[in-house]
Amino acid sequence: MSRRALILEELGLNPVWVRTAILPELQIAAQAVQAVAVNAPAPAPRPQGLSPVAVAAHQALAPLVSQPKFSPPPAAIPANDPVEDERSKRIAIMNWDELQSAVSSCTACPLCQSRQKNNEQPVFGTGPMQPSIMVLGEAPDADEIAQQKPFLGEAGKLLDNMLAAISEDSLVYKANILKCRTPNKRNPQAAEAQQCAPFLKRQIELLQPKSLFVLGRFALKTLLETDEPVSVLREKLQHYKQIPLVVSYPPTYLLRNLPDKSKAWQDLLRLKGTLTAPLV
Ligand code: SF4
């Protein structure tokens with residue numbers, strides 16, 4: 001991928017994601033249009049020599065008879081899948097230990113296959129309960145899986161330095177929207193983020209962070225359910241369930257795009273403001 005494409009991707013200026021919740025509806029609509037075009041029967045000929053009553057009945061029934069019989073195929077991911085709803089409800093009432101255990105044994109998305117094959121453990125997150133800041137990234141890499149910690153290496157150091165610059169004694173909890181590693185560090189896919197989101201949402205509820213620092217468009221999309229890019233949403237303070245939420249660029253992106261560090265500094269100042277401001 002070219003450098004320009006990388007930058008556009010990080011800034012959220014590449015093609016907009018289609019919300020997974022409406023994908024089945026879009027598929028059904030497209031199939032319906034095709035079916036009408038292909039299967040619509042010719043209008044029934046009007047019968048001759050019938051009584052006026054029979055002719056009236058024929059006219060009344062004709063539109064119904066000429067309608068194509070169309071049964072939409074079952075959607076791949078129903079918008080309101082009762083099984084998924086039930087899973088989300090179960091996760092939403094788990095305590096901390098139950099949540100960690102559920103993540104460890106999760107098979108809800110295809111990423112579990114490589115995790116099991118490589119005998120890996122998901123990275124749940126690290127830090128204290130009731131942190132000042134909860135930092136959210138995208139997915140762990142192989143090193144982070146091995147050490148069971150998110151945000152390691154050069155990107156992790158940069159993040160630590162950035163956070164130390166606004167408050168050395170902040171209690172920071174770090175986690176990712178995906179708990180398992182993606183192949184070759186590829187971006188999280190919408191369906192994976194959707195399956196992992198109930199874990200993250202319960203994790204936030206139990207942790208009760210004072211502020212959320214959300215890095216990158218995938219983490220952003222998971223929490224705020226929006227297709228707006230980072231470059232737009234970082235311009236002002238957001239909220240997730242009344243928790244102040246500051247949007248910024250992932251440290252991996254900042255390592256490749258040094259000029260944007262000044263923007264990240266503005267985001268950090270906004271984050272610092274949430275630590276002293278009264279809760280909304
Ligand atoms: Fe489960 Fe999340 Fe791992 Fe997918 S990434 S298998 S949803 S824990």
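Two strands are taken to pair if DSSP finds at least two bridges between them. In this predicted model, β4 and strand β5 (residues 243-248) meet that criterion, since they pair in the antiparallel sense over three bridges. Within this pair, Tyr240 stands opposite Ile243 in β5.

The two strands belong to an open sheet of five strands, arranged in the order β2-β1-β3-β5-β4 with mixed pairing. The edges of the sheet are formed by β2 (172-176) and β4 (238-240); each has a single partner strand, so one side of each is left without a neighbour in the sheet. From one strand to the next, the twist averages 30°. In general, the strands of a sheet pair through backbone hydrogen bonds, in either the parallel or the antiparallel sense.

The ligand sits in the second largest cavity. Its surroundings are made up of Cys106, Cys109, Cys112, Arg115, Lys179, Cys180, Gln195, Cys196 and Phe199. By residue class, this shell divides into six nonpolar, one polar and two charged residues. Two helices, α6 (111-117) and α9 (190-207), each supply at least two residues of the shell around the ligand. The largest share, three residues, comes from α9.

Helix α10 (residues 217-224) is mostly covered, with seven of its eight residues buried. The buried residues of α10 are Arg217, Phe218, Ala219, Leu220, Lys221, Thr222 and Leu223. The helix is followed by Glu225, whose phi is positive, near 50°.

Most residues other than glycine have a negative phi. With a relative accessible area of 33%, Gln148 is partly exposed, because the value falls between the 20% limit for buried residues and the 50% limit for exposed ones.

Methods:
Residues numbered from 1 in each chain as written. Predicted model: local features only at pLDDT ≥ 70, side-chain atom pairs only at ≥ 80, totals over all residues. Heavy atoms only, no water. Near = heavy atom within 4 Å. 1 Å grid on protein atoms, 1.4 Å probe; cavity = no way out; pocket = protein on both sides within 12 Å on 5 of 7 lines; lining within 4 Å. Sits in = over half its atoms within 2 Å of the grid points. Helix = DSSP H or I, 4+ residues; strand = E, 2+ residues; numbered from the N terminus. Nonpolar A, V, L, I, M, F, W, Y, C, P; charged D, E, K, R; others polar. Buried < 20%, exposed > 50% of the residue type's maximum accessible area, 1.4 Å probe, protein only. Axes fitted to C-alpha atoms, helices over the stretch in contact; angles between N-to-C directions.
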